[in-house]
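Dear colleague,

Please find below the structure I am handing over to you. A short account of the findings follows it.

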Amino acid sequence: SSEPVRVMVTGAAGQIGYALVPMIARGILLGADQPVILHMLDIEPAAEALNGVRMELVDSAFPLLKGVVATTNVEEACKGVQVAIMVGGFPRKEGMERKDVMTKNVSIYKAQASALEKFADKDCKVVVVANPANTNALILKEFAPKFPAKNITCLTRLDHNRALGQIAERTGAAVSDVKNAIIWGNHSSSQYPDVNHAVVNVDGKEVPVRELVKDDAWLDGEFVKTVQQRGAAIIKARKFSSALSAASSVCDHVRNWVKGTPEGTWVSMGVLSDGSYGAPKDVIYSFPVTCKSGEWTIVQGLKIDDASQKLLDITGQELVDEKKLAYECLKE
Ligand code: NAI
């Protein structure tokens, strides 16, 4: 199609924003034949930095980039957007309580929900990246009731891709031959990276990872821990949090959502829970999903063993607790 799609990135002057906007302008988000207009939002203290990013976009002469809006005005940023990538948020600083971070972020997401409702395209697809990602997405959904709930998601694709990467490293397979890992629940260290349904393509045959690795202690122990704590490991190594892998995973999330998942492949997305697999209802929970014609569907009928079910329940309970805390914060 030749009509440009309007894509908003909030927190665009931040680290993920800086990695993400060139990917979008290169066609990695929506395809190499899809022109885009970028709407970049940040807050007043970052206005000058945001303008610097705008200047670099101009200087890059991206053929697909048909326009740039760089603003600190939420309503202007939201105008007509068809994809909204919510990266902006208040970071946790040393000495801050969990509740303080939550209060800052839920009020940001409540306000931005209203702006999106008023000014974005009615079919706008939203992905929340900023933490607490699942709960920010839930607040956004609740305060933008005009959008169908299926249009509001949060990013757990980075965790999903990390799981694929760990399996590839362990088995020596190319990461493109690994699929169907699952991230269940919250994008936090309570998430459950589940390898039980993952397969590796070996000479054209799909082999379960458990058959290939034959090391349950690693699969149930170190693998799970490594994926859960990868974010912290990146911060330790780089002194900054993961930005390029987060940006790349945002592109995977949106591209699969819009253009579909390949036959026989699922991906992980934080979506509104309908209670599948015993997850609590009405929280944004990460499930295995397939996508077709711009809509996601939770994969049904997977066999979950007792040990896994316990872990699904734990991360679900954390989301229920976060939701409760978020509503307490909004009352104050
Ligand atoms: P950053 O601090 O470099 O950038 C955040 C940007 O948001 C800043 O430019 C800031 O000015 C802006 N901002 C703050 N309040 C805003 C508001 N009300 N409206 C618009 N913009 C606002 O942080 P970074 O590294 O880019 O990370 C962004 C968020 O993504 C963090 O919350 C981080 O925890 C989260 N994250 C989530 C991941 C996931 O897999 N879901 C992975 C990595 C990071």
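I begin with Ala279, which lies in the loop between β12 (267-272) and β13 (284-292); helices (H or I, at least four residues) and strands (E, at least two) are DSSP runs, numbered from the N terminus. The structure is a predicted model, in which local features need pLDDT of at least 70 and side-chain atom pairs count only at pLDDT 80 or more, while totals for chains, interfaces and linings use all residues. Residues are numbered from 1 along each chain as its sequence is written.

Ala279 is buried, because 21 other C-beta atoms lie within 10 Å. A residue is termed buried if 20 or more other C-beta atoms lie within 10 Å of its own, exposed if 12 or fewer, and partly exposed in between, with C-beta atoms placed from the backbone. Neighbours within four places in sequence aside, Ala279 is in contact with Ser273, Tyr285, Leu312 and Gly316; contact requires that the two C-beta atoms, placed from the backbone, lie within 7 Å.

An unreviewed UniProt entry gives the annotation "binding site" to residues including Ile16 and Val129. UniProt positions are in the numbering used here, feature names are shortened, and annotations may be inferred rather than shown by experiment. Ile16 is found in helix α1 and counts as buried, since it has 25 C-beta neighbours inside 10 Å. Val129 is found in the loop between β5 (125-128) and α5 (133-142), and is buried with 28 other C-beta atoms within 10 Å. Among the residues in contact with Val129 are Ile16, Leu155 and Val250.

UniProt also places "binding site" (unreviewed entry) at Arg92, Arg98, Asn131 and Arg162. These positions are spread over 71 residues of sequence and also in space, up to 25.3 Å between C-alpha atoms. Arg162, in helix α6 (residues 157-171), is buried with 23 C-beta neighbours inside 10 Å.

With kind regards
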